[in-house]
Amino acid sequence: MPICSVYGAAVTTVEGIGSTRTRIHPVQERIARCHGTQCGFCTPGMVMSIYTLLRNHPDPTLDQLTDALGGNLCRCTGYRPIVDACKTFCNTSGCCQSKENGVCCLNQGINGFPELEEGNKTSSKLFSEEEFLPLDPTQELIFPPELMIMAEKQPPRTRVFAGERMMWISPVTLKELLEAKAKYPQAPVIMGNTSTGPEVKFKGVFHPVIISPDRIEELNVVNSANNGLTLGAGLSLAQVKDTLAAVVLKLPEERTQTYRALLKQLGTLAGAQIRNMASLGGHIVSRHVDSDLNPLLAVGGCTLNLLSKEGARQIPVNEQFLRKCPSADLKPEEILISVNIPYSRKWEFVSAFRQAQRQQNALAIVNSGMRVFFGEGDGIIRELSISYGGVGPTTICAQNSCQKLIGRPWNEEMLDAACRLVLDEVSLPGSAPGGKVEFKRTLIISFLFKFYLEVLRLLRRMDPVHYPSLADKHESALEDFHPRHRQSARKYQKVDPKQPPQDPVGHPIMHLSGIKHATGEAIYCDDMPAMDGELFLAFVTSSRAHAKIVSIDVSEALSLPGVVDVLAEEHLQGVNSFCLLGQPEKLLESEMVFCVGQLVCAVIANSEIQARRAAKQVKIVYQDLEPVILTIEEAIQHKSFFEPERKLEYGNVDEAFKVVDHIVEGEIHLGGQEHFYMETQSMLAVPKGEDQEMDVYVSTQHPKGIQDIVASVLKLPANKVMCHVKRVGGAFGGKAFKTGVMAAITAFAANKHGRAVRCILERGEDMLITAGRHPYLGKYKVLEMGILKLDNAYKFPNLRCRGWACRTNLPSNTALRGFGFPQAGLITEACITDVAAKCGLSPEKVRMINMYKEIDQTHYKQEINAKNLIQCWRECMAMSSYSLRKAAVEKFNSENFWKKKGLAMVPVKFPIGLGSRAAGQAAALVHIYLDGSVLVTHGGIEMGQGVHTKMIQVASRELRMPLSNVHLRGTSTETVPNANASGGSVVADLNGLAVKDACQTLLKRLEPIISKNPRGTWKDWAQAAFDESISLSATGYFRGYESNMNWETGEGHPFEYFVYGAACSEVEIDCLTGAHKNIRTDIVMDVGCSINPALDIGQIEGAFIQGMGLYTIEELNYSPQGVLYTRGPDQYKIPTICDIPTEFHVSFLPPSQDSNTLYSSKGLGESGIFLGCSVFFAIHDAVSAARQERGLRGPLKLNSPLTPEKIRMACEDKFTKMIPRDKPGSCVPWNIPI
């Protein structure tokens, strides 16, 4: 939102509604106490979305609350606890109001029966609603009286704000607006700034003058006339939605066909925040290719009312207007005042369609508006209009096709002709921007088929005598996904009743920073106040995938105001490389680049705006080199691999192939994944001014790594460089090694200029520079970490696996939650699914047959006890009512041709270990102060997983003191040196054992003191110890778990233990569009003994949703030149609140003991991500059902992510056969699969 537009407004921030210094607001309290916050970076946005809705609707429905959060993103929680927090504000408390069999859904168990607690060992409540602060609307903030007085005293007049480069004009009357537009005809007119703003920010568009008419009454009219509605162009899309909803309730259905279609599109158009800001006129005039409303306005015969100083006129919303033809467009000096939307007529039908990568808050891949008018009830077409968005440079109207169909009856012959005519007219070249060409062609006619059926059904309803009912097989094409009320259940371990009351271990303790997350008081790197004389650094990256740099010209950048310096390789002579993982890596490159996004130089300026502006002016001349290797297949072709190849063999594979019943061969491709942490890469380097000391504040998982590389670049010993991390706004493996490179360059700039330097990456450059999860290509016939994790939960008596890491011209990928397991495990599950199909068995049957037995041996000869794996599988089978629901799914599929359901269940055996004992060592430092308070520091990083919370629980248990006595300030190389990177699910494991060691050391020292005064307080004991010269400070240390792997023999003990689990997921797919809905997921996990069930459940659920995204919607797109297209939330879609399973149940096994780990707990940060593939295989099951019904019996190959495109194209039918296909090599595609 432009700052000029809020003049005279009262702006309420998250800090304004409540804080720990005053009082917290009920919204802030509930989202924290319901455990709806992990890393906390997204929490203020969640709080304000809920707060805003409650101010407008004090008694909201759950649908209103979840709709309000549809535009918010969270990468950590999986959204379920946020929904739980929302439910506490609903009067229905989440009840569906449908009492089946006389029993309320809230009193039913997971499958509709009351819960039975097993041996009283499990509990299901993570928070107590009775303790919440009540929501009292009378206590909310009022509009400031001083602003009201100012508005009354100041006469309305045009406001003009002028800066160095641009001017903002805000007229108050229509006359002033027309005069401003006449004077500045090229100036954009903006209301919500949702179109112009992104162009300015991301595309570098510059407007010297902007006109904002947000106070003009004539632009906000709503008028009803005999022929239709007139809506002001200044109305927000939210206001348009409310207006149309009210009109639809009042008028007969036959008069509101267009309005109903518009309402359907407005329900999924962007998120509530954007709909609240974006204006109707701005949406129309912007004429985006993927506009959801313009196709409908075009077919609905809408007209635009224009005004200028020369007078008023009307123009139609037609293809000429949408193509911006000068003769049909607004003149530069004209303003769009309002839009006329006609009423529909009897025997006129209007429909809207769209398909996007995600259900909501995603731009349409293809959308459409369709209208037909029969004149009379004879079913003969009198008028026909069809428009499409997303299939060309503008919205396309199929005028010629429609004209040829006029006079024809509404029957299947007409439909067949219409499909062929439209495909011919709405021609989409193979190289069309956006890709997905064959999918888009299929959607064009799939939507037409849906419209055909919709009209048939409406005709039948209006005249049942003359129009037959739809064929049973077609009914499901028109049904929306079956809505079900959101339900969730958690079962976790109860605390042993013998445990002392003040011992917090095992209790669902709220995240240590939960309240501060919710109030906005939690400090992240970017929140740190600006230092005196602080500079900002912006990177210049390569725009070529493989090229020699001929020259770098920084003169224009240096000439801009505020620019201080441009750093290049020449400035880092002798320190421009650092060994990461044993391989030297250059920090800045001035000779040859190997990927788009490689760091070339860095611009340092007085402000962020100046630095970014100057970075765009650095001119680099390249000489392209060959080959450009982008895909795994190209790497194989060019034999471009990293050494060494990894291989393992178990049993006798060659002999086994001679005697097996079946040989199944196949392959599966798994695309990469972006970390998409909410807080982008952030760092601040501060020279201390003496002894060459440098403090680096950075969002990282690896402070020691930052310290080492910064010290190397500055040619300093490590003891003069300190790295500090308070908290990290999400990381998932992406804030370790590349963070170090950027921090080192930032610190070099700070050291050179003797001033603090800050660097914060924008989302697009973060995604470009840092890369993410490795794509895999798995070929099987029946990689280091990938190979070790290949088996998942199965015993392969004979196994040979080989893995190669490919060297390509894409940014180097890095660790991402699960590190190898989600890819390797999917290959195994795909193989299992293929074997099941070949043998005529269910995949679950094959999984069960091949699962590890209780005492067994892995393919690298490590002994395991898989008892809990089998128990998880059995409990998940029971909890999910698998057999009953499998039968129900088969029944549903037999009755529905165009909708199919799928059910799948997968196990997980996730290995925990870091490859060496040294990589698992950890240290801690614990101080007891004379007032009895305790300060804990350790080497782990708080990045949302709640490690600091668990460490305080450990200290509280070991020192036998209340949680409130223990404090933890953050992580720093100043207090705990040489800490390993935080990751691999073991941060709490390792650091907790170190904290435990330190606390036990202290307690042992203090035993004589305590025994003398057993009823004393910690203050008494600390003072007594001090008086007796007993140290009240102790370090704790854990050496790490034993780990070894011999790759020569293929044997070893690389993992300390395994996390077992199972998940069952059910989905429903639309065979005509490729859309899918996650109906239900049940997860059972073996967690050992949970230290904090609220945090552990949060980790499982968050990982599951992230895994679901990996396997279904998160798709990276690269150009044939190696440029990443998907550089932000507009193009790269992670799951939102609407994508989570409608029913989501998580259960823990009863406690199990493992003496080697911290209180017999298990690390749960990563294992849940693989269980997201249960959704992948449920979709696979649904697609298989569709193909079988269509007589397609061949092998089914589905790659990941299983997007709507892949689902639709796999559900082959007459429409997929009808579309034209491009011959391989006949065109250069817009994107290439990586």
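At what angle do helix H2 and helix H3 pack? I am working from a predicted model, in which local features need pLDDT of at least 70 and side-chain atom pairs count only at pLDDT 80 or more, while totals for chains, interfaces and linings use all residues. Residues are numbered from 1 along each chain as its sequence is written, and side-chain values use heavy atoms, with hydrogens and water left out.

**Helix pair.** I found that H2 (residues 26-33) and H3 (residues 43-56) pack at about 130°, with their axes 9 Å apart. H2 and H3 are therefore oblique to each other, since angles under 35 degrees count as roughly parallel, over 145 as roughly antiparallel, 65 to 115 as roughly perpendicular and the rest as oblique. I noted that the crossing of H2 and H3 is right-handed.

I then listed the contacts (heavy atoms within 4.5 Å): from H2, Val 27, Gln 28 and Ile 31 meet Thr 43, Met 46, Val 47, Ile 50, Tyr 51 and Leu 54 of H3. By class, the contact of H2 with H3 has seven nonpolar residues, two polar and no charged ones.

**Cysteines.** How many disulfides does the structure hold? I found zero disulfides, a disulfide being a pair of cysteine sulfur atoms within 2.5 Å. Cys 42 is in no disulfide, and its nearest cysteine sulfur, that of Cys 74, is 3.7 Å away. Cys 42 counts as buried because its relative accessibility is 12%, where buried means under 20% relative accessible area, with a 1.4 Å probe and protein chains only. Cys 302 is likewise in no disulfide, with the nearest cysteine sulfur, that of Cys 397, 12 Å away. At 1% relative accessibility, Cys 302 counts as buried.

Terms used: Axes fitted to C-alpha atoms, helices over the stretch in contact; angles between N-to-C directions. Helix = DSSP H or I, 4+ residues; strand = E, 2+ residues; numbered from the N terminus. Left-handed = near helix turned anticlockwise from the far one by under 90°. Nonpolar A, V, L, I, M, F, W, Y, C, P; charged D, E, K, R; others polar. Buried < 20%, exposed > 50% of the residue type's maximum accessible area, 1.4 Å probe, protein only.
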